[in-house]
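Morning, everyone. Have a look first.

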Amino acid sequence: MPTCVYSSLTHKPFNRRGDPLLRDLVSTVVSSTVAQTAPTSNASKRIKKNTPSIAQDTLLEVILHDTVLFPEGGGQPNDIGILTSADGNIWDVIDVKRRGGHAVHFVKVKDGNVAAALKIFTPGSLVRAALGEQGFQRRLDHMSMHTCQHLLSAVLETKLNLPTLAWSMTTYPTPSYVEVPRALTPEEISIIQAEANRLVFEGRQVHIEVEELDHSNRAYDTPSVGIPSDYTGGVKRTVIIDGVDRNPCCGTHLPSISNLQLFLIPQMEGLSRSSTSSARLYFLSGPRLITYFSSIHTLLTTTSNVLSCGAPLVPERVEQVIDERKKVSKRVEDLEAELASSIARDILKQAEDDTVVLHQHRTDDASNPLGFLSAISTAFVNEVSSAETGPSSYLIVLTSSPSMQTATSTTIVMTFGNDEKKVKEAGDTIRANVGVKGGGKGTKWSGKFTGVWKDTKEGKAVAGILKDISL
């Protein structure tokens, strides 16, 4: 099963004791040069080309004879850490990249003094490479999730005969995922989680088989994308979970799956491509699992406080709130419809000589004032059609502004009538003379005015436009 990709492999001596929990060691500098370009992660490669560039720190590319800092590999992000030079100064390592069989440390130059930095990191100089606390916490998260992925992929294959097509260690603290050929049922997810955690309870050990890489052993007898052709002079690593899994991998792993609790997100995300379909199964373990449950607990506690109930009653109380909200929304809709009909009848009463031409302004702080104006226009048309002696022609402009107006306030303008040409004429004239942006089709025209709507200015202008249009 292709759980990992040999996309990056360190110089591998790695650390000669092969201990993924080793946090520091003393080594010697093999080479150091000024970095010509800043390191780019997979995430940064996806940034749009027109994104403004950010000033980059001056960096050195330092290769050590041995290191505890890993480059990206097997789907696992690179380490970060520190180098302590012989003079006691501490230098930040912001990235580690693989080049051939070597791990290249990108070291931030202090105060931009490149000459001094190159002098300190001359070949043969002793340095202490270390993860540091931040680097170790990052590594611990990566190791937990990566080891958990090996365990999860192995159980999926043995219990359900489902190979892992791909996997992604997402950015902390979001859940990572494995991609499998189909979605799992809730029962299958429960089975997989129970089996994986049974193995965790048994405390199966994890160890690495390492052999020097040469021409005769570059291939694996298990499915794998293989070792990059430019990787030479290093080692070939196989990660083994006792009695569970055996797979090539160049990432770091915990020495045991003991206490590596696996939690699967019950919902899966389906993927559909041109020729195949698959699904993503999200999982959590280690520090991410703790962070996830802490955040869920905080959200649940906050919600229960807002709803004034205990945490177990939150779902029931939320249902009650939603039900009440639906009832309130329905009541508001009924009242708005009733009010719209009343306003429409009042407008109809203003008919003169079988004609209604007028502008009516209202103040409304509703989130959708255009919807209410539309309700008025619909109610008016219904009143006209049902009236025994309704007007034969009408052209009406409705406007609605919020109660507190500023320079950025929006006033809604709606024009409707029974003559499409007259409606278009009125709307286009309002747009040209009053500064309303909008348009329409048929017997309705609507738009928006930005700023403070004044009856003595904008209102007067609309009234004048209607006066000049003869029906």
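Which residue forms a salt bridge with Arg128? Asp24 does, and the closest N and O atoms are 2.5 Å apart. Keep in mind that this is a predicted model.

Now place that pair. Arg128 sits in strand β6, residues 126-130, and Asp24 in strand β1, residues 24-34. They are 104 residues apart, so the bridge links distant parts of the chain by the numbering used for strands. How accessible are the two ends? Arg128 is partly exposed, at 37% relative accessibility. Asp24 is partly exposed as well, at 31%.

Next pair. Arg280 and Glu269 meet through their side chains in a salt bridge, 3.8 Å from N to O. Arg280 belongs to strand β14, residues 277-284, and Glu269 to strand β13, residues 269-272. Glu269 is partly exposed, with 33% relative accessibility.

Over to the helices. Glu383 and Arg345 form a salt bridge at 3.5 Å, N to O. Glu383 is in helix α7, residues 369-386; Arg345 is in helix α6, residues 314-348. That puts them 38 residues apart. Arg345 is partly exposed, at 38%.

Salt bridges link Glu195, Arg198, Glu202 and Arg204. The total count is 18 salt bridges.

Note on methods: Residues are numbered from 1 along each chain as its sequence is written. This is a predicted model: local features need pLDDT of at least 70, side-chain atom pairs count only at pLDDT 80 or more; totals for chains, interfaces and linings use all residues. Side-chain values use heavy atoms; hydrogens and water are left out. A salt bridge is a side-chain nitrogen of Lys or Arg within 4 Å of a carboxyl oxygen of Asp or Glu. Helices (H or I, at least four residues) and strands (E, at least two) are DSSP runs, numbered from the N terminus. Buried means under 20% relative accessible area, exposed over 50%, partly exposed in between (1.4 Å probe, protein chains only).
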